Amino acid sequence: MAALLLDIEPGDEVIMPSFTFVSTANAFVLRGAKIIFADSEATTPNIDAKVIEELITPRTKAVVIVHYSGFSCDMEEIVRVTRARGVALVEDAAHAIESFYRGRPLGSFGDLATFSFHETKNIIAGEGGLLVVNNSELVPRAEVIWEKGTNRISFARGEVSKYSWIDLGSSFLPSEIIAAYLYAQLESLEQIQSKRVELWHAYHRLFEERTHLSSISQPIIPDYASVNGHIYYLLCESNAERDALIEYLAKCEVCAIFHYLPLHLSPYYRDKHDGRLLPNAVRYSECLLRLPLFYELELEVLEYIVDCVIEFYQGRTRRIANF
Ligand SMILES: *Cc1c(COP(=O)(O)O)cnc(C)c1O
């Protein structure tokens, strides 16, 4: 819907981080856009705001940012550059429900912002999402696109006597069962969030207390960002170290996973990418590890997971020391 609303056409360029899920790109590629992938920051997987300006050309239609793991991107710089250059801003806020930039909610900065209720997110409905339209000029068309390209909403409001096909559109409505599930989740938003944030801080505190024992790299929280308990990750020193840690944790019956394969190197897009190296995106792809974080996770189990990670690093230190 965001790509339709921004009238993305073949030949338009859309800037976004390479370190993201394919859905961020697919929406715009489906409209014929060329994706200009940007690197991540050295300190977080978020888009490096400082490189956006040099990637903007007369063909740039939009900048899409992703608030990775719920940490805010550098909104001051991103809003400044997109306003100055007259380019639309879209926030992929799939990770970012109930998260803030200096106290202001994520999803309130872009012309458009998208949230996800996929089963892997904080608030879930199996599948589904939310489009936030902050730019009021886009609201009338959003109502039409959402209703299969018809003015059925005007009809329901009694503004027209019959409804018809007036624009491009599709069926973006959730089913009643999905809506009912989501409603119950939203009613429990505070409870879900407070538990997830508590788990996130428990990981962070336990590793902080014990990092003198090892070379564990914890997430760096920008001073402007809040924690919403979406993902807790560690950064390994190499891809080999991460593989070994995943294998060790699997033996401890802990399922730790990684993502994303950088989109500029993906089988579908690598030939269309302009060849720029994006070293931070590659590093996060090779070295980032997600630890289990879900509502039912118990604190004792979380402590066990931390112990397993520490054991892995201590074992390695011992092996290195023996050499
Ligand atoms: C999950 C996710 C999406 C896709 O959400 P859907 O609800 O499956 O469309 C998009 N972007 C990011 C960064 C995600 O993590």
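Mentor: A salt bridge here is a side-chain nitrogen of Lys or Arg within 4 Å of a carboxyl oxygen of Asp or Glu. Keep in mind that the model is predicted.

Trainee: How many salt bridges does a search of the whole structure find?

Mentor: The search finds 13 of them. One of these salt bridges is between the side chains of Arg 80 and Glu 53, at 3.2 Å from N to O. Arg 80 belongs to helix H4 (residues 75-85) and Glu 53 to helix H3 (residues 49-55), so this pair ties together parts that are 27 residues apart in sequence.

Trainee: Are Arg 80, Glu 53 and Glu 77 buried, partly exposed or exposed?

Mentor: Buried means under 20% relative accessible area and exposed means over 50%, with partly exposed in between. Arg 80 has 41%, so it is partly exposed. Glu 53 at 30% is partly exposed, and Glu 77 at 22% is partly exposed too.

Trainee: What joins the side chains of Lys 148 and Glu 147?

Mentor: A salt bridge of 3.7 Å, N to O. Lys 148 is partly exposed at 38%, whereas Glu 147 is buried at 7%. As for networks, salt bridges with shared partners join Glu 53, Glu 77, Arg 80 and Arg 85 into one.

Trainee: How should I read backbone angles?

Mentor: Start from the expectation that most residues other than glycine have a negative phi, and that most peptide bonds are trans. Then look for departures. Lys 148, although not a glycine, has a positive phi of about 60 degrees. It is found in the loop between helix H5 (139-146) and helix H6 (152-156).

Trainee: Where is Arg 102 found, and what is its phi?

Mentor: Arg 102 is in the loop between strand S5 (100-101) and strand S6 (104-105). Its phi is positive, about 45 degrees, although it is not a glycine. With 55% relative accessibility, Arg 102 counts as exposed.

Trainee: Which residues are joined by a cis peptide bond?

Mentor: His 259 and Tyr 260, with omega about -20 degrees. Tyr 260 lies in the loop between helix H9 (239-251) and helix H10 (279-287).

Trainee: Which residues come nearest to the ligand?

Mentor: Tyr 260 again, together with Asp 92, His 95, Ser 116 and Lys 121, out of 13 residues around the ligand. For each contact, check which atoms are paired. A ligand nitrogen atom is 2.6 Å from an N or O atom in the side chain of Asp 92. A ligand oxygen atom is 2.6 Å from an N or O atom in the side chain of Ser 116. For Tyr 260, an N or O atom of the side chain is 3.3 Å from an oxygen atom of the ligand. Taken alone, the ligand exposes 380 Å², and the protein buries 80% of that.

Trainee: How do I read the pairing of strand S7?

Mentor: Take each neighbour in turn, with its direction and its bridges. Strand S4 (residues 88-92) runs parallel to S7, and 3 bridges join them. Glu 91 stands opposite Ala 113 of S7. Strand S8 (residues 129-133) pairs with S7 in the antiparallel sense, over 5 bridges. Within that pairing, Leu 112 has Val 133 in S8 as its bridge partner. S7 itself, residues 112-116, is mostly covered, with 4 of its 5 residues buried.

Trainee: Which way do the residues of strand S9 point, and are they buried or exposed?

Mentor: In S9 (residues 232-235), Tyr 232 and Leu 234 point one way, Tyr 233 and Leu 235 point the other way, and all are buried. S9 runs antiparallel to strand S10 (residues 288-291), joined by 4 bridges. Leu 235 has Leu 288 of S10 opposite it.

Trainee: Which residues make the nonpolar surface patch?

Mentor: Trp 146, Phe 172 and Leu 173 make it, over about 250 Å². Trp 146 is in helix H5 and, at 35% relative accessibility, counts as partly exposed.

Methods: Residues numbered from 1 in each chain as written. Predicted model: local features only at pLDDT ≥ 70, side-chain atom pairs only at ≥ 80, totals over all residues. Heavy atoms only, no water. Buried < 20%, exposed > 50% of the residue type's maximum accessible area, 1.4 Å probe, protein only. Helix = DSSP H or I, 4+ residues; strand = E, 2+ residues; numbered from the N terminus. Pairing = 2+ DSSP bridges. Patch = residues over 30% accessible without salt bridge, like charges linked within 9 Å, V, L, I, M, F, W, Y side chains within 5 Å. Areas by Shrake-Rupley, 256 points an atom, 1.4 Å probe, with all protein chains shown as cover. Near = heavy atom within 4 Å. Polar contact = N/O pair within 3.5 Å; in protein donor to acceptor, adjacent residues only side chain to side chain.
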